[in-house]
Amino acid sequence: MSFRRFVLTTGLVAASLASAHSYAALQGRDLDGNQSTFEAYYDTALDLTWLADANYAKTQYINSGGTLGDSDGRMSWDRAVAWADSLSFAHPLTGSAIDGWRLPTATDTGAPGEQCAFVGTDCGYNVDVASSEMAHLYFATLGNHSYYTSTGAGSGAFTGGANPNSTLDNVGPFTDFGIFSYWYGTALARDPSRAWVLDIHYGYQIYNAKTAEFYAMAVHPGDVAAVPEAQTYALMMAGLGLMAWRVRRSR
């Protein structure tokens with residue numbers, strides 16, 4: 001489905017993202033017609049749009065009186081996939097449906113890549129940010145760190161090596177992060193009964209049984225639901241007014 005895309009002013013974006021970390025890759029997007037608040041953020045580094053509410057399933061449940069979403073936002077993998085797929089918003093200007101939402105994806109490299117480590121792989125702590133969309137958001141864009149450093153304890157009890165600057169210190173412009181694991185929409189290739197997750201409490205990427213209940217964060221490919229900057233909207237309305245005036249004069 002196609003709909004018109006517009007770009008926000010740099011000033012509005014800068015004001016919305018003011019913090020100790022610039023979060024320069026995130027640009028606010030309006031989904032409800034109120035340009036003073038942003039309900040989504042376009043991630044320029046990944047070319048996709050995140051819902052600003054990191055536990056929107058719970059918000060949905062509250063706002064709908066229990067008919068949508070989930071009471072605490074924690075769902076099995078099948079439910080989380082279906083929930084994200086069911087999301088739809090009306091474009092605040094055109095009224096076009098903004099659907100096609102999904103869970104973030106991870107790259108499953110198969111058994112050889114599933115080497116739990118303290119750094120640099122697709123599994124464990126301090127993972128390669130290219131290994132998944134949410135790892136990129138968590139580590140690269142928001143600037144968080146894993147609980148264990150790259151030289152943390154060897155194996156077993158994971159003693160020592162704890163990172164003092166860790167575990168979701170930076171939430172950026174997002175709200176209501178659940179301090180627990182978040183589902184990816186990617187199942188484990190060698191075991192379809194499991195799927196990938198990111199534990200944002202410890203900054204740990206791993207897989208778990210699909211029957212477990214974890215949080216879900218919705219994302220949409222590309223830049224959706226962008227609203228026009230104030231000057232552009234004013235010029236657009238002025239142009240329409242001029243056209244209407246010319247039509248009246250020509251009669």
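Predicted model: local features only at pLDDT ≥ 70, side-chain atom pairs only at ≥ 80, totals over all residues.
Biologist: How are the rings of Y147 and Y148 arranged: stacked, tilted or edge-to-face?

Modeller: The ring centres of Y147 and Y148 are 4.8 Å apart, and their planes stand at 90 degrees. Planes over 60 degrees apart count as edge-to-face, so the pair formed by Y147 and Y148 is edge-to-face.

Biologist: What is the angle between the planes of F177 and Y182?

Modeller: F177 and Y182 are both buried, and together with F38, Y41, F174 and Y215 they form one aromatic cluster. Their rings make an edge-to-face pair with a centre-to-centre distance of 6.0 Å, and the angle between the planes is 70 degrees.

Biologist: Which element gives the largest share of the largest nonpolar core?

Modeller: This core holds 57 residues, and those that touch the most other members are M134, F174, F177, W183 and M217. Two or more residues are given to the core by each of β2 (40-43), β3 (48-51), α3 (77-86), α4 (133-141), β7, β8 (191-199) and β9 (204-209). The largest share is 5 residues, and the element they come from is α4.

Biologist: Which strands stand at the edges of the open sheet?

Modeller: The sheet is made of 4 strands in the order β6-β9-β8-β7, with antiparallel pairing. Each strand at an edge has a single partner, so one of its sides is left without a neighbour in the sheet, and the strands in that position are β6 and β7.

Biologist: Which residue in β9 stands opposite D199?

Modeller: The strands β8 and β9 pair in the antiparallel sense, over 6 bridges. D199 has an opposite residue in β9, and that residue is Y204.

Biologist: At about what angle does α3 run to β7?

Modeller: Helix α3 has the highest mean pLDDT among the elements of the protein chain, at 98. This helix lies across both β7 and β8, and its direction relative to β7 is about 95 degrees.

Biologist: How far is G185 from W77 in space, C-alpha to C-alpha?

Modeller: G185 is placed in strand β7 (residues 181-188), and at 33% relative accessibility it counts as partly exposed. Leaving out residues up to four places away in sequence, G185 touches W77, L103 and P104. G185 and W77 are 108 residues apart in sequence, while their C-alpha separation in space is 7.9 Å.

Biologist: Is S131 buried or exposed?

Modeller: S131 lies in the loop between β6 and α4, and, apart from neighbours within four places in sequence, it is in contact with A106, T107, T121, D122 and Q205. Its relative accessible area is 5%, and as the limit for this class is under 20%, S131 is buried.

Biologist: Where does N126, which has a positive phi although it is not a glycine, lie?

Modeller: The phi of N126 is about 50 degrees, and at 17% relative accessibility this residue counts as buried. D47 likewise has a positive phi, near 55 degrees; D47 lies in the loop between β2 and β3 and, at 43% relative accessibility, counts as partly exposed. As for N126, its place is the loop between β6 (124-125) and α4.

Biologist: Which element of the protein chain has the lowest mean pLDDT?

Modeller: The protein chain averages a pLDDT of 80, and 71% of the residues score at least 70. Over residues 154-160 the pLDDT is below 50, and this stretch has 9 contacts in the model beyond near neighbours in sequence. Residues 227-238 also have a pLDDT below 50, with 18 such contacts. Among the elements, the lowest mean is 35, and it belongs to helix α1 (residues 10-16).

Conventions
Residues numbered from 1 in each chain as written. Heavy atoms only, no water. Buried < 20%, exposed > 50% of the residue type's maximum accessible area, 1.4 Å probe, protein only. Contact = heavy atoms within 4.5 Å. Core = buried A, V, L, I, M, F, W, Y, C linked by side-chain atoms within 4.5 Å. Pairing = 2+ DSSP bridges. Axes fitted to C-alpha atoms, helices over the stretch in contact; angles between N-to-C directions. pLDDT = per-residue confidence, 0-100. Phe/Tyr/Trp six-rings, centres within 6.5 Å; stacked < 30°, edge-to-face > 60°.
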